[in-house]
Amino acid sequence: MKQFVAFLLFICHYTAFSQNENIYEKPPIFPKCANMAIDSLQQCFDSHVFQHIKDNFKVPQNVIDEDYKGKIVVLFEVDTTGAFRVMYVDAMYDTLKQEAQRVFNLFPKITPATYSGRKTFRQYSIPIQIPIEDFKLSSSKNTQGVNKIEQQALATKQEFDSVNTTLKPYTNRALRSQLNIQFTHSDYARFDRVMNLVGTNSHTAQKPFLYEDVSKYYDFEVERKTLKKDAKTWAGKKIWNEHLVQIEGKDYWFTIDPIFDLQTGTDSEGGSTYNNTRGIWVQGGLGKKFNFYTTIFESQGRFADYVNRYIESIRASGSEPVVPGRGVSKRFKTDSYDYPAAEAYLSYSPAKFLNVQFGHGKNFIGDGYRSLILSDVTSPHPFLKLNTNFWKIKYTNTFMWMRDVRPEVKEDGAFLTKYIANHYLSWNVSKRLNLGFFESVLWTNSNNRGFDVNYLNPIIFYRAIEFETGQDAGNALLGASGKYKFNDNVNVYGQFILDEFSLGDVRAGNKSWKNKFGYQLGVKYYNAFNVDNLLLQLELNRVRPYTYSHNTIVLNYGHNNQPVAHLWGANFSEVILIGRYRKDRWFADARLIFGTRGFDVLDGTDNFNYGGNIYRVEGDRPADTGIEIGQGIKTKTFYGNLQAGYIINPASNLKLFTDITVRNFNPDINTAATFKNDTVWLNFGLRTDLFNWYFDN
């Protein structure tokens, strides 16, 4: 329909200004064409435009180096003053766009076009061939009175802007905006290497990334052009290449897409599985500094039996199941779950060095698959985030509103509100070394404390505030991270989280419960074994018992009965092997996870807290010393997942996929809650991939 409207607009334009139908119309006139016959004026104009471009256009060096052959399409106008004005440039490289703009800025003012003696404007579209030496001059006259420049304009597909009634193509401003790139580990792998090249001044721990930050190193527009399918129809373009709705004006743009996550599968333990998600996704921008995003999901699903058991184990106070990563749900039919969800945020950059976001969603800090500092495994929640970027520093403040949904902490029939304030400073010490420093404090609404304004100070040390308000008023965490780039293809990374520490107990070597800490070590190998786009990753995570928990029932590092950091809580050790590969629209991901975990017995005779469940109080521990990872019911776990698929539409990230999961859960003691089980889960689906699912619990 839009193409038809644009076509009618051009037809009206041509009808009004056709030389054959109205001899009183004249095209724009260069000084050297002033004395020529009317029939020759258009040809003379065309020739001068072509010659000016040929004489002044300089092919940028990066285009020459890459031996690029193609064309630039320039839509321009000669206005009523005789000035040349570029309306739109379509080219593979930004440097070509800039050069085209420069060349057109060199045009002198000429005599404008006239109709019945009155000045008017004229619009043209012209292709510029690269290399420029191949540029051919041609006659512009044809038997129907439509010059060849205008013929090219008619052939060029344009979007119609209903606000100012000019042709306005959609230029994908999202790819250069202050919007977040939807955080999925698989998709982030495609630009992870270029963000980690030796010498780049990037900060890769604070996620999600902004398009504006990543586009400095990775050309999303070239990627879209490379993946673009040659679709001729409106439906074909919407299915394969474009957003369902994409509208752009001078100071605004927005897109609308449907959301699907339709899956069917079979589980060796529980039978058939499915997921049925429908939703809508809206994003856009107003001006250059303000962007917005929202997604609304309506979902029903039944998962593999081990996932369903986990959902039931973290029920809310009214026995509502909690779907991990999504939130409180309700039962659907007899064996499924209905779990609506919504995420949204506003993004504003008042200055070049500052971005402010306020919304309902999730954040992540770290370079690994897991994070011991702040992860996205929990449900969406309200947050306020400030990213300050200058010199070699990126400083992130995140304020979050969390909930404890257990019946024992309910207040006046409502879920307990918890607050978390984080500081994370990332410093590029050199072109190879990055260091990060983290501090966090969590407190509740006890004694009508509410959100303590003391923590709004973006640079103060939280521990000092804790002493002012009372040491038991909150739960403070400290952390550090690091990354070292050996070369462009290999880097190592790590994290350290400290909840509590007793130097005297460390010296005594008695393995005190007070030494609550964890660490992560990892390595990434890009273009592994000289295979382009193959990423291999090895990661070790170890967290001691009782880390993230507290001596009060409410001050744990959790939300909606899920951990805020690592999915497994505490009291575990794991090794992760990951491989990711992408070729054009095809992708494949593989994960192998080997772990040792410690679970509580809870059989009526042994109700001690062995340190894995962060929601239990530390006072229930069985001993003060001799605390080791895996204590309690020691459980060996294995998780393997292989997923492969095809990206149907890069604009909406719609994927067709299949995956297989193999899981082995082997405790040394079987209880009603912790028992040996093996799973093989085969799944097929069509998904708009916007967030991470973590089924490796």
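Modeller: Two strands are said to pair if DSSP finds at least two bridges between them. In this predicted model, strand S4 (residues 113-115) and S5 meet that condition, pairing in the antiparallel sense over 3 bridges.

Biologist: Which residue is the bridge partner of tyrosine 115 in S5?

Modeller: The partner of tyrosine 115 is arginine 118, which belongs to S5. These strands are part of an open sheet of 3 strands, in the order S1-S4-S5 and with antiparallel pairing. Strand S1 (25-26) and strand S5 (118-120) stand at the edges with a single partner strand each, so one side of each has no neighbour in the sheet.

Biologist: How many disulfides does the structure hold, and which cysteines form the disulfide?

Modeller: The structure holds 1 disulfide, formed by cysteine 33 and cysteine 44, whose sulfur atoms are 1.8 Å apart. The pair links distant parts of the chain, with cysteine 33 in the loop between S1 and helix H2 (38-56) and cysteine 44 in helix H2, 11 residues apart. Both cysteine 33 and cysteine 44 are buried.

Biologist: Is the disulfide of cysteine 33 and cysteine 44 left-handed or right-handed?

Modeller: The torsion about the S-S bond of cysteine 33 and cysteine 44 is about -75°, so this disulfide is left-handed.

Biologist: Let us turn to charged side chains. Is aspartate 187 buried or exposed?

Modeller: Buried means under 20% relative accessible area, and because the value for aspartate 187 is 4%, aspartate 187 counts as buried. Aspartate 187 sits in helix H6 (residues 185-195), and its side chain is joined to that of threonine 184 by a polar contact of 2.9 Å.

Biologist: Leaving aside its neighbours within four places in sequence, which residues is aspartate 187 in contact with?

Modeller: With those neighbours set aside, aspartate 187 is in contact with Arg582, Asn653, Lys655 and Asp689. For aspartate 689, which is 502 residues away along the chain, the C-alpha atom is separated from that of aspartate 187 by 8.9 Å.

Biologist: And what is the nearest side chain of opposite charge to aspartate 659?

Modeller: A salt bridge needs a side-chain nitrogen of Lys or Arg within 4 Å of a carboxyl oxygen of Asp or Glu. Aspartate 659, in strand S34 (residues 654-667), is buried yet has no salt bridge, the nearest side chain of opposite charge being arginine 687, 5.9 Å away. The side chain of aspartate 659 does make a polar contact of 3.3 Å with that of glutamine 643.

How values were computed. Residues are numbered from 1 along each chain as its sequence is written. This is a predicted model: local features need pLDDT of at least 70, side-chain atom pairs count only at pLDDT 80 or more; totals for chains, interfaces and linings use all residues. Side-chain values use heavy atoms; hydrogens and water are left out. Helices (H or I, at least four residues) and strands (E, at least two) are DSSP runs, numbered from the N terminus. Buried means under 20% relative accessible area, exposed over 50%, partly exposed in between (1.4 Å probe, protein chains only). Contact means heavy atoms within 4.5 Å. A polar contact is a pair of N or O atoms within 3.5 Å; within protein, one must be able to donate a hydrogen and the other to accept it, and residues adjacent in sequence count only if both atoms are side-chain atoms. Lys and Arg count as positive and Asp and Glu as negative; His and the chain ends are not counted. A disulfide is a pair of cysteine sulfur atoms within 2.5 Å.
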